[in-house]
Amino acid sequence: MLTWRRLSQPGTENAAMRCVVDENGNFVFISPAVGWALGMDVAALIAKPSRPVLDIISAHDGKHHSLDSYDVESGFYEVALLRQERDPLILQARLDRIDGPLGKKYTVIWLDPDNRLKRQKNDDFGQTARDFATFVIDNQKKFEEKTAEPEIKPEIDCISKADDGELRYFLNLTSDLLGVYRRDGSFVRVNPSFNRVLGYSDAELKQFPFIDLIFPEDREAVQSVMQKMLGAPPALETRVDFESRARCKDGNVRWLKWVHKAAGEHVYIVGLDVTDIKQHEAELYRREEQLSEAQKIGSMGHWYWEVGRAEMEMSDQIYAIFGVEKFKFSPTVDNVNALLLKRDLGKIYRSFQRALVRKKDYELEFRLRRPKGGIRFIHCEGRCKVNPKTGQVEALFGIMQDITERTIHERALREAKEAAETAYASKTRFLANMSHELRTPLNAIIGFSEMIQRQLLGPVGNARYLEYIGGIRESGEHLLDMINDILDMSKIEIGKYELYLEEINVGKIIRLAVHMIEGRAHEAQVHLITEDLPDDIQTVADRRALMQILLNLLSNAVKFTNAGGSVEIKCQCELGGVAIVVSDTGIGIPKDKIGVVTMPFEQLASELTRKHEGSGLGLAITKDLIELHGGTLEIESEPGIGTSVTVLLPKKIPEHKHAKVNA
């Protein structure tokens with residue numbers, strides 16, 4: 001809720017533009033800032049009609065209103081200050097209609113040059129207006145009552161107007177608030193700074209005691225302090241010092257540091273305006289709170305140590321990191337060292353010594369044991385404070401951050417990665433060993449079945465045996481192909497696949513691969529298109545690997561193309577290398593599966609693909625072989641339309657520790 005005190009924050013002085021108008025449209029109160037804007041004396045406007053100098057020119061409905069009309073509701077308006085011999089000054093304003101004492105109505109006007117009040121959506125402007133108007137009306141009532149009574153005390157005499165010789169000039173030069181009041185609190189005289197800061201004239205100060213200047217919430221404490229001074233014998237000079245808020249005439253609040261000294265029948269006072277200091281302290285406190293909260297979020301604190309001193313300075317968060325209570329733990333170097341793990345002390349000592357000698361920033365990590373148990377991992381970053389006169393490091397300072405959770409998480413990730421790599425390597429070694437063990441009997445099975453199928457040692461008695469022997473041979477060859485694929489993948493994964501590089505005519509090797517796949521394409525009734533294959537494109541590659549790449553791509557294209565479809569292969573120079581494109585009119589690949597088909601042992605789970613046998617390693621091996629050459633593989637496909645695979649091999653093969661160049 002917006003309070004009257006919030007609208008009177010320190011630092012505003014008499015700049016607030018406020019008015020109070022009674023139900024007849026006459027000014028009851030007008031702040032000095034409004035008088036300055038109008039170019040008129042504020043005192044001359046009190047009890048005078050507001051319409052000649054202040055007019056509401058628009059409201060929510062866009063119609064013109066007058067302050068003395070009862071249809072002006074509380075809300076935001078545009079107000080024109082009708083200045084003398086100048087153009088009107090248009091300002092945003094907040095108007096609040098309130099009920100005052102004895103059933104009278106008042107309008108409180110807050111002129112808002114910066115249009116800030118509208119942004120205070122949740123503020124209770126009505127309550128604020130009532131508080132402020134009550135304060136203004138009470139002061140007006142006191143003034144009227146005082147002026148009606150016969151005054152038996154001597155007139156208050158502002159020191160700026162008194163004929164006190166040289167003293168007058170000295171007192172007028174100071175910005176401190178100087179004044180004299182009687183023991184009953186009534187003022188005798190004040191200097192111009194007193195009038196200027198608090199906004200009251202000499203005649204107004206005469207109407208109330210000093211204690212009425214004190215902000216209501218501070219009044220009880222100030223009265224208690226002042227009573228010690230006023231209760232002492234008049235012959236005994238006593239002095240009290242205190243800070244309090246003072247309420248200015250225009251409703252603003254100022255922080256003042258007071259010195260009161262009682263001597264005889266009078267009290268002599270000096271006031272120092274510390275509003276700006278309080279404002280800076282409040283801002284500093286706010287920033288410290290923000291820094292503290294940020295440090296809590298980051299589990300971080302700051303520290304400072306002067307070289308040679310036993311004690312060091314630490315922020316609250318450092319105590320929390322160390323697991324100690326601030327008021328029970330003395331932050332000495334020895335006490336801090338007692339918390340650190342002994343094996344880390346040497347590392348810390350060496351880092352600090354290097355910083356002192358080299359005068360450079362430093363950072364390190366160490367561990368500590370909290371008094372209640374538990375090891376914490378700490379990251380420390382420090383800076384050196386160098387004395388500009390001596391050039392020596394006079395202090396070290398920096399931050400400490402608790403990185404325990406991060407360290408434990410990183411360690412767990414590292415262990416999981418190592419375990420996965422170990423398991424993967426074990427699997428690869430197992431597959432490689434198993435493949436070697438299986439190849440020997442499979443070669444024997446394939447060789448003997450081929451001899452029987454060809455009847456090299458004589459005719460077979462039953463023709464059905466020849467059919468069975470053919471099935472045995474085909475199954476053995478298929479199983480051997482799968483084992484060879486697994487063995488090749490294992491070699492690639494463990495980095496033992498060697499490339500034997502030589503200059504190759506790309507067109508010739510493509511024709512050879514097409515010739516090897518023609519029989520399978522003829523059986524599947526798939527048309528192979530090899531038009532316009534160039535004969536002059538050369539590249540450096542491993543002949544066996546390039547042939548395997550071409551056979552894998554062509555066989556896949558034929559395998560997944562229905563009867564009557566076609567497979568086309570092209571070759572051309574592109575991007576400083578060689579581009580080989582294999583396109584088919586087959587079943588295609590869904591977009592969300594294109595990134596999966598090049599992974600090991602992956603097959604598309606559809607009715608069409610499951611009709612074809614395979615290890616699921618063909619495209620994975622192809623991709624790895626291409627990347628060993630420093631090339632790239634790109635797949636474009638659309639289900640039911642076909643697939644296009646582009647292989648781009650660079651003109652120059654990157655250096656590889658597993659590559660050898662054939663002479």
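Biologist: Is K359 buried, exposed or something in between?
Modeller: K359 counts as partly exposed, because its relative accessibility is 38%. Keep in mind that this is a predicted model.

Biologist: Where does K359 sit in the chain?
Modeller: K359 is in the loop that runs between helix 11 (342–358) and strand 14 (362–369).

Biologist: And what about its phi?
Modeller: The phi of K359 is positive, about 60 degrees, although K359 is not a glycine. A47 is another one to look at: its phi is near 70 degrees, again a positive value in a residue other than glycine.

Biologist: Nice. What does D344 pair with?
Modeller: D344 forms a salt bridge with R367, at 3.1 Å from N to O. That pair links distant parts of the chain, with D344 in helix 11 and R367 in strand 14, 23 residues apart.

Biologist: Why is D344 called buried?
Modeller: D344 is called buried because its relative accessible area is 5%, and the cut-off for buried is under 20%.

Biologist: How many salt bridges does the count come to?
Modeller: The count comes to 25 salt bridges.

Biologist: Ok, let's pick a couple. What does R286 bridge to?
Modeller: R286 forms a salt bridge with E283, and their closest N and O atoms are 2.5 Å apart. Both residues lie in helix 8 (residues 275–297), three residues apart, which is about one turn of the helix.

Biologist: How accessible are R286 and E283?
Modeller: R286 is partly exposed, with a relative accessible area of 37%. E283 also counts as partly exposed, at 28% relative accessibility.

Biologist: What about K623, which residue does it form a salt bridge with?
Modeller: K623 forms its salt bridge with E627, the closest N and O atoms being 2.7 Å apart. This pair lies in helix 16, four residues apart, about one turn of the helix.

Biologist: And the accessibility of K623 and E627?
Modeller: K623 has a relative accessible area of 26% and is partly exposed. E627 is partly exposed as well, with 42%.

Biologist: Which residues of helix 16 are buried?
Modeller: In helix 16 (residues 618–628), the buried residues include L619, A620, I621, T622, L625, I626 and L628.

Biologist: What comes just after helix 16?
Modeller: G630 does, and it takes a positive phi of about 85 degrees.

Biologist: Which residues are linked in a network of salt bridges?
Modeller: R370, R376, D402 and E405 are linked in such a network.

Biologist: Switching topic: what forms the nonpolar patch on the surface?
Modeller: F448, M451, L456 and L457 form that patch, and together they have about 470 Å² of accessible area.

Biologist: Where is L457 placed?
Modeller: L457 is in the loop between helix 12 (404–454) and helix 13 (463–493). With a relative accessible area of 78%, L457 is exposed.

Biologist: Now T107. Which side chain does it make a polar contact with?
Modeller: The side chain of T107 contacts the side chain of R97, at 3.2 Å. T107 itself lies in strand 6 (residues 105–112). T107 is buried, because its relative accessible area is 4%.

Biologist: Last one. How far apart are M314 and F397?
Modeller: In sequence they are 83 residues apart, and in space 9.7 Å, C-alpha to C-alpha. M314 is found in strand 13 (residues 313–314).

Biologist: Is M314 buried or exposed?
Modeller: M314 is buried, with a relative accessible area of 12%.

Note on methods:
Residues are numbered from 1 along each chain as its sequence is written. This is a predicted model: local features need pLDDT of at least 70, side-chain atom pairs count only at pLDDT 80 or more; totals for chains, interfaces and linings use all residues. Side-chain values use heavy atoms; hydrogens and water are left out. Helices (H or I, at least four residues) and strands (E, at least two) are DSSP runs, numbered from the N terminus. Buried means under 20% relative accessible area, exposed over 50%, partly exposed in between (1.4 Å probe, protein chains only). A polar contact is a pair of N or O atoms within 3.5 Å; within protein, one must be able to donate a hydrogen and the other to accept it, and residues adjacent in sequence count only if both atoms are side-chain atoms. A salt bridge is a side-chain nitrogen of Lys or Arg within 4 Å of a carboxyl oxygen of Asp or Glu. Patches are made of residues with over 30% relative accessible area and no salt bridge: like charges are joined within 9 Å, nonpolar side chains (Val, Leu, Ile, Met, Phe, Trp, Tyr) within 5 Å. Accessible areas come from the Shrake-Rupley method with a 1.4 Å probe; for residues, only the protein chains shown count as cover.
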